[in-house]
Every structure is written in structure tokens, then in C-alpha cells.
Amino acid sequence: MDPDETVAPPRSSLLPRLLLVPLLWSGLALGALPRGGSPQRVLYDLLSEQQLLEAEDLSLTLLQGGRLGPLSLPPDLPDLDPECRELLLDFANSSAELTGCIVRGARPVRLCQTCFPLFQQVASKMDNISRAVGNTSESHSCARSLLMSDRMQIVLILSEFFNSTWQKANCANCLTNKSEELSNSTVYFLDLFNHTLTCFEHNLQGSTYSLLQLRNYSEVCKNCREAYKNLSSLYSEMQKMNELENKAEPGRHLCIDVEDAMNITRKLWSRTFNCSVPCSDTVPVIAVSVFILFLPVVFYLSSFLHSEQKKRKLILRQSRKSANQKIQSS
């Protein structure tokens, strides 16, 4: 190569500087930069060598279509091979989606019914990390690098948090055995719940703007009584079935979605609308109550009659005895 021939700089070194040229010229136009010297000289005056390298790295990242958000990983991870980087990125994206779903479904609780596909996805990504082996050797596997390489063990802590949240919510009780979809009883309960809320809404007297001033909910109590009774009965049956299926695990609840839906309905029915459902076993309950109340009366009455009878017998004996004594004396 001719020594006088000019060698073109690599494209990777030119492009970042080209990206910074408009910024420099805009600064000159505003009078923010000195006019003496070349843009390259001005650039080195403004930035230190380390800052210039970081600016070039940033420009390269933007040119390559990279992102700075949660959907990309930082470029300075020399201890991870491409396979492990891809697994970590997949777990990060799935975890972000599941976290957003959990927060959005926190109130009213829609955790199990809306987030179970994302939970299964996160569990699958975690399994991929646990089973994956790197390209070098088993000692540098992805599981070791991502799960046990530091004191914090961030990936493991995050996975345990998701599992603990899922277990505390008892979401398995809302799903089929394989956790692939909602169980039939859960779907039926949610349908009745939505039907009951729709009935409440349609039978509210007056406009929604004066809802807080309403005091007469007779139409709601009368027209929605059957819907509320059906929902309450189904909830009781689901509780009994859950207790029978989990005899060895006392204290197991239904999934949080079902419990929260029933609590909302009961508060609306009893507190807001001040409605009540007459018990179907009213006659037996009243009969037993009356019987218990009359037990003391029966006891004292029987005691009194028994004592009176004893008195009569005693008087009769004494009269007979006195008569016999008179006969003997005569």
C-alpha cells in the first residue's frame, strides 16, 4: 500500500461521529459552542476520552437497532454465552409481563383468571434456565451463571416470589389439573357473578350520578334475590368440595378470584342494598328454638306437680294412720 494513500477509517468509527455532527452544528448555531477549530476538536474539548467512548457505544447501539429498555440486555456481559443471554432475556420479558398482569389484576382481584398463561410461561422459562448447559463445560452452565453466580441470586428470588404469590392466591383451585385453563366450576361461578352484578346494575333506581343518595333498593332486593341465592349456594358447594378434596390440608381456601368476587357481592347485598335472604329452614329453626325456651318451664312445672303429688300422698298416709290409731284406742 502506498504510504501517501489515505486510508478510510472504519465505518464503525465514522458513523457515531456522523451522528454527533448535527448536535455540534446545532450548538454552534445557538452560540453554545466556540467557533474556532474543527468539529472534531470541539468534540474532544467537550467530552473526555471515556465520555467519547461511551457516546460512540451508544451511537453504535442505536444504529444496530438496539434498545435501552427492559427488552434488551446490557452489552458488557462477557461471562454469558449467547445461549445464556437469550435465556435471561426471555425470562426478563416474561417476568415483566407477569408482574404487570399481577398488578393490574390486584383490585378487584382478577389474578388467577387473567395471569395463569403468563405464570405458566415464566415457569417454563425458569425450567429452561435450570436445564440449560452452556457451550463450554458443565461448570459454566447457564444455571450456574444465572442462578448461583452471586450472593443476591436475583433470578431465583424473582422466581420464588412468583411461586409464593401463586400459592398464596390458591390459583390451582381455579384451574384444571394440568393448569391449562379455568375449571368448569370456576367458569360457571364467574358467569353467575357477572349475571348478579348485571342484575344489581339494571335494578338500581335513579341515575348513577345520584347513587350515593339512594336509600330505596327494594327493586334490587326483589328482582335479584334469585340470582344472589344461586351464587351463594354455588359458592357454598365449591367450599364443601374443596374441603373434601383437601382433607389432608386444613385451611385451604378457594382461589382468591372466587373469594373476592363473593365478598364483593355479599357486601353489596347486605351493606349497600340492605337486603336479606330468608332462610329455607326457618320452621325447623323456630321449632327448635321454642322447644329450648320452654324446657325450663317444663322442668319447673313437672317439679311442682311431682311435689304436690308427694304432699297428697303424705297427707293421705297421715290421715290413715290417725284413723287406725283411733280404732285401736276404742
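View 1. Contact here means heavy atoms within 4.5 Å. This is a predicted model, in which local features need pLDDT of at least 70, side-chain atom pairs count only at pLDDT 80 or more, and totals for chains, interfaces and linings use all residues. Residues are numbered from 1 along each chain as its sequence is written, and side-chain values use heavy atoms, with hydrogens and water left out. The protein chain has 12 helices and zero strands; helices (H or I, at least four residues) and strands (E, at least two) are DSSP runs, numbered from the N terminus. Of the 330 residues, 28% are buried, where buried means under 20% relative accessible area, exposed over 50% and partly exposed in between (1.4 Å probe, protein chains only). The accessible surface comes to about 23300 Å², and carbon and sulfur atoms own 58% of that. Those areas come from the Shrake-Rupley method with a 1.4 Å probe; for residues, only the protein chains shown count as cover.

**View 2. Helix α4 (residues 82–104) meets helix α7 (residues 154–168).** Their axes come within 12 Å and cross at roughly 35°. Axes are lines fitted to C-alpha atoms, for helices over the stretch in contact, with angles running from 0 to 180 degrees between N-to-C directions. The crossing is left-handed, which is the label used if the near helix is turned anticlockwise from the far one by less than a right angle; clockwise makes it right-handed. On the α4 side, look for Leu-88, Phe-91, Ser-95, Leu-98, Thr-99 and Ile-102; α7 brings Val-155, Leu-158, Ser-159 and Phe-162. By class that gives seven nonpolar, three polar and no charged residues. For the bookkeeping, Ala, Val, Leu, Ile, Met, Phe, Trp, Tyr, Cys and Pro count as nonpolar, Asp, Glu, Lys and Arg as charged, and the others, Gly among them, as polar.

**View 3. Aromatic pairs, of which the structure holds seven.** Rings of Phe, Tyr and Trp (its six-membered ring) pair if their centres lie within 6.5 Å; planes under 30 degrees apart count as stacked, over 60 as edge-to-face and the rest as tilted. Phe-161 and Phe-162 have ring centres 5.6 Å apart and planes at 55°, so they go down as tilted. Phe-161 is partly exposed at 45% relative accessible area, while Phe-162 is buried at 2%. Phe-189 and Tyr-235 also make a tilted pair, with centres 6.2 Å apart and planes at 45°. Because Phe-189 sits in helix α8 (residues 184–202) and Tyr-235 in helix α10 (residues 225–245), this pair ties together parts 46 residues apart in sequence. Phe-189 is buried, with 0% relative accessible area, and Tyr-235 is buried too, at 5%.

**View 4. One aromatic cluster.** Its members are Phe-200, Tyr-217, Tyr-228, Trp-269 and Phe-273.

View 5. A cis peptide bond joins Arg-107 and Pro-108, with omega about -10°; Pro-108 is in the loop between α4 and α5 (111–131). Asn-170 is not a glycine, yet has a positive phi of about 55°. That residue belongs to the loop between α7 and α8 and is buried at 12% relative accessibility. Asn-274 likewise has a positive phi of about 55° without being a glycine. Its loop runs between α11 (256–272) and α12 (282–329), and Asn-274 is exposed, at 65% relative accessible area.
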